Amino acid sequence: MAGPPPKPWPTGQAMQLEPLVRRVLAPNPSPYTYTGTQSYIVGIGDGCAVIDPGPDEKDHLLALDAAIGEEHVCAIMCTHTHRDHSPAAKTLAARTGAPIVGCAPLVLDDSGPRADASFDRTYEPDRVMEDGEQMTGPGWTLTAVATPGHVSNHLCFALEESGALFTGDHIMGWSTSVVIPPDGDMGDYMKSLERLYAREDRVFYPAHGEAVDKPRQLVRGMIGHRRQRENQIVRLLGEGPHEAPDFVGKMYKGLDPKLHKAAEMSVTAHLIDLEQRGLVARSGKTWQTI
């Protein structure tokens, strides 16, 4: 997990990444968001889409307004409903009249421990996009790519005209994504990684961290990393039963203590996946091999 680059960060600035894509960094840095959430504006001139409008913070909304200018906003699109991604959608929709489209709302059955950004319970899309559905505007087409795992409602968006993929939190440019049960599912996450590995996207634009210009290489490394973590867990369980927190100190040397809970939940996601595959079992909080 890399640390953030030296300040100043380009917070609030509209940065042109390619002819159809601009990026605006929100002022919400944290151990989980890196330098902040990156909102993307796709299209220029006659109409645009805003992807992951971010937190409902005045300064960020003003920066988005300045970047959009007099352009017509065709759609406000959300990859998922963590609170650093979707809350500004409602305010931006009220300002622009644009529909909110993209991921489905997420209804949780519990309010259990969450190590990353909490969920946005105010999110109300005008249209939920299914896998393969498209949103179009002047000179651009965005296709929904279902990528559950980080959360069950996660989507990526493929810009057909340039080969770019907006990856939200499924793939980030600075760290592996956190998978937190019960909504996060490691089995689904791995399948989604395999799906992206089979694609031929030119570049990934994540919601956190820099653009990824060698997408398949990164995805291959992420798949290998997750398999390595799984093997570590199985090896440690071979030494005897463990509770989830026991793994963290042995597997994540030098990890920032602020991220220990995230690591514990990621280990738990691996354990649940192994349990579903019939490789481990639990008794209360204790896990062991079968």
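Leucine 159 touches Glu18, Leu20, Val21, Val42, Trp140, Thr141, Leu142, Ala164 and Phe166, with residues up to four places away in sequence left out of the count; a contact here means heavy atoms within 4.5 Å. This is a predicted model, in which local features need pLDDT of at least 70 and side-chain atom pairs count only at pLDDT 80 or more, while totals for chains, interfaces and linings use all residues. Residues are numbered from 1 along each chain as its sequence is written, and side-chain values use heavy atoms, with hydrogens and water left out.

The largest nonpolar core has 42 residues, of which Met77, Trp140, Leu142, Phe157, Leu159 and Phe166 touch the most other members. A nonpolar core is a set of buried Ala, Val, Leu, Ile, Met, Phe, Trp, Tyr and Cys residues joined through side-chain atoms within 4.5 Å, where buried means under 20% relative accessible area, exposed over 50% and partly exposed in between, with a 1.4 Å probe and protein chains only. Strand S5 (residues 73-78) gives the most to this core, namely six residues; helices (H or I, at least four residues) and strands (E, at least two) are DSSP runs numbered from the N terminus. A second, separate core of 17 residues includes Val145, Met190, Val212 and Val219.

Alanine 89 lies in helix H2 (residues 88-96) and counts as buried because its relative accessibility is 1%. Alanine 89 touches Pro53, Ile76, Cys78 and Ile100, again without residues up to four places away in sequence. The C-alpha atoms of alanine 89 and isoleucine 76 are separated by 6.4 Å, although these residues stand 13 residues apart along the chain.

Two strands pair if DSSP finds at least two bridges between them, and two such pairs are set out below.

| Strand pair | Direction | Bridges |
|---|---|---|
| S8 (residues 134-137) and S9 (residues 140-146) | antiparallel | four bridges |
| S14 and S15 (residues 286-289) | antiparallel | four bridges |

Strands S8 and S9 form a hairpin with two residues between them, and glycine 139 in the turn has a positive phi of about 85°. Glycine 137 has tryptophan 140 in S9 as its bridge partner.

Alanine 281 has glutamine 288 in S15 as its bridge partner.
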